[in-house]
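Reader: I would like to learn how to read aromatic contacts in a protein model. Where do we start?

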Amino acid sequence: MRITDTSDLWWKNAVVYCLDVATFMDWNDDGVGDFEGLAHRLDYLSEIGVTCLWLMPFFASPERDDGYDVADYYDVDGRLGHLGDLLEIIRTAKDRGMRVIADLVVSHTSDRHPWFVQSRSSRDNPFRDFYVWRDEPPAGSPANVFPGEEDGVWQHDERTGQYYLHHFYKEQPDLNMANPKVRDEVAKIVGFWMQMGLSGFRVDAVPYLVDPSSAGAHSFLRSLRSYVSRRSGEAMLLGEVNLPYDRQLEYFGGPEGNELTMQFDFLVMQRLYLALAREDARPLADALLERPALAPENQWATFVRNHDELTLDRLTDDERAEVFAAFAPDESMRAYGRGIVRRLPTMLEGDEQRIRMVYSLLFSLPGTPVLFYGEEIGMGENPAAPGRLKVRSPMQWSTSRHGGFSNADRLVGPVVEGRFGPEHVNVSQQRHDPGSMLQFVRRLVERYRNSAEIGWGELTLLDHEHPSVLAHALEDPEGRMIALHNFSREPRELSLAIDRADASTRFVDLLAGGEHRLDERGRLSIRLEGHGFRWLRVLGPDAKRLS
Ligand code: TEU
């Protein structure tokens with residue numbers, strides 16, 4: 001790997017942190033988080049070792065879908081501050097070595113967006129074709145993404161007597177991306193925000209952006225990618241594509257890799273939960289082996305939780321039932337029949353060792369890890385909030401009022417109470433406790449940043465006799481590491497054959513310290529505690545990579 005590759009393709013070993021400005025830190029005490037609050041927390045984020053902030057939608061919006069319904073792409077939600085405040089965030093973040101990306105939500109707009117207001121006003125309005133109108137709902141239409149909340153994807157509009165398409169809420173009419181004028185508008189929006197200093201976008205709901213059955217879908221993504229790359233060499237598109245791997249590969253642009261730069265690995269995420277439920281690493285191992293090879297500049301984004309329901313839609317019905325039974329026994333913990341609206345620590349009933357095992361895995365799986373705010377301190381969800389808002393509660397900073405998030409009487413959403421509330425789980429305490437989850441995550445981030453083979457290397461799964469243990473090796477031309485994760489609550493004794501190792505090879509424990517050597521049979525023998533984990537740097541006598 002050359003130095004130019006590592007710095008140009010910055011996303012290959014970034015640490016991404018997703019947050020919603022509205023729930024992060026409220027500086028003016030109006031109950032809603034704001035840019036000024038975030039500005040005061042940038043040093044905290046850089047302390048963790050975050051290298052890329054992903055800001056959830058901050059645009060002007062009627063908030064039908066928590067900002068994923070944009071009414072003005074060129075303005076920010078007034079509750080958060082103004083454009084100048086956001087610009088200041090982007091500049092300061094860069095100064096701390098953090099790039100900023102934002103959601104690009106253009107598969108639909110809000111129904112209050114001026115384009116839709118025009119479009120629905122008459123059949124011959126120049127904006128009519130910005131959206132998708134039909135006389136009758138076509139047969140064989142897909143189901144709505146929000147079953148139970150919306151009946152279908154076609155909404156009758158009285159004024160003009162036609163139906164418009166909406167895959168999400170009816171207040172989120174789908175844009176007609178087949179219309180070149182719409183594509184031009186998207187290009188303008190993207191260009192504007194890049195000029196403002198964004199380093200890329202988390203592209204929302206990609207399969208809904210363009211009719212996926214049309215060839216046009218991919219030509220649009222190819223032109224978007226080349227457009228952003230022309231505007232800036234650092235531009236990155238991180239797509240949300242929850243589809244089987246062969247379809248995801250198409251959205252990367254196949255072996256050429258000229259469409260989305262990165263995509264979330266939804267399959268690995270879902271199989272991780274199945275593996276946890278079964279205390280058997282094989283479902284996860286199989287997913288890792290099924291991953292298609294990517295072009296060198298492309299990358300998987302790995303994650304444990306995000307801001308939506310933990311979707312289990314890629315599992316079979318029986319597998320999903322297993323995960324539900326293990327981690328969401330109550331119906332109220334589920335959403336849309338396919339997902340779980342909880343955070344990891346509550347699903348694992350606060351089992352600290354097991355929670356840490358999962359984060360150790362996140363940072364050692366091949367790919368680029370994405371954290372959702374609060375994961376670094378082990379926050380839980382708020383069961384009292386509706387639907388997905390359960391996992392979007394205010395960040396917990398301290399034991400002060402409302403967890404130090406705000407001094408307002410009414411908040412944007414309720415703070416978590418009880419065992420996972422701010423009295424027990426907060427940043428301030430954990431900053432001073434060397435044994436805390438926060439310090440543990442900082443350590444993982446530091447080790448990850450020091451281990452380029454995780455983002456760049458080749459993956460090999462090591463053979464051994466314990467189905468409950470994932471043993472994987474990652475190697476690039478400059479270094480090699482081995483990661484061991486025990487999904488079982490019982491301890492396991494491993495005996496591993498290691499390629500190209502001999503008596504002089506050192507296996508340095510990157511997390512716990514100390515080192516191992518091959519035993520007299522020439523094997524690496526390691527004992528893992530229940531839910532134990534290890535990262536070992538493999539060092540020959542001529543090694544240069546830090547350990
Ligand atoms: O999500 C798109 C989407 O399809 C998910 O909502 C889906 O339900 C889930 O991933 C299971 O597959 C994005 C945003 O993440 C979500 O918050 C928005 O509601 C949605 O787009 C509409 O903009």
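Author: Start with burial: a residue is buried under 20% relative accessible area, exposed over 50%, and partly exposed in between. This is a predicted model. In this model, both Phe-116 and Tyr-131 are buried.

Reader: How is the pair of Phe-116 and Tyr-131 classed, and why?

Author: Ring planes over 60 degrees apart count as edge-to-face. The planes of Phe-116 and Tyr-131 stand at 75°, with the ring centres 4.8 Å apart, so this pair is edge-to-face. The pair also links distant parts of the chain, 15 residues apart. Phe-116 belongs to helix 6 (residues 114–119), while Tyr-131 is in the loop between helix 6 and strand 6 (133–134).

Reader: How is the pair of Phe-192 and Trp-193 arranged?

Author: Phe-192 and Trp-193 are edge-to-face, with 85° between the planes and 5.1 Å centre to centre.

Reader: Is Trp-193 buried or exposed?

Author: Trp-193 has a relative accessible area of 2%, so it is buried. Phe-192 has 24% relative accessibility and therefore counts as partly exposed.

Reader: Which aromatic cluster includes Phe-192 and Trp-193?

Author: One aromatic cluster holds both, along with Phe-35, Phe-58, Phe-59, Tyr-73, Tyr-74, Trp-115, Phe-127 and Phe-130. By the pairing rule, the model has 33 aromatic pairs.

Reader: Which rings have an arginine over the face?

Author: For such a contact, look at the distance from the charge to the ring centre, which must be within 6 Å, and at the angle to the ring normal, within 35 degrees. Arg-41 lies over the face of Trp-397, at 4.3 Å from the ring centre. Arg-64 lies over the face of Tyr-169, at 3.8 Å from the ring centre.

Methods:
Residues numbered from 1 in each chain as written. Predicted model: local features only at pLDDT ≥ 70, side-chain atom pairs only at ≥ 80, totals over all residues. Heavy atoms only, no water. Phe/Tyr/Trp six-rings, centres within 6.5 Å; stacked < 30°, edge-to-face > 60°. Helix = DSSP H or I, 4+ residues; strand = E, 2+ residues; numbered from the N terminus. Buried < 20%, exposed > 50% of the residue type's maximum accessible area, 1.4 Å probe, protein only.
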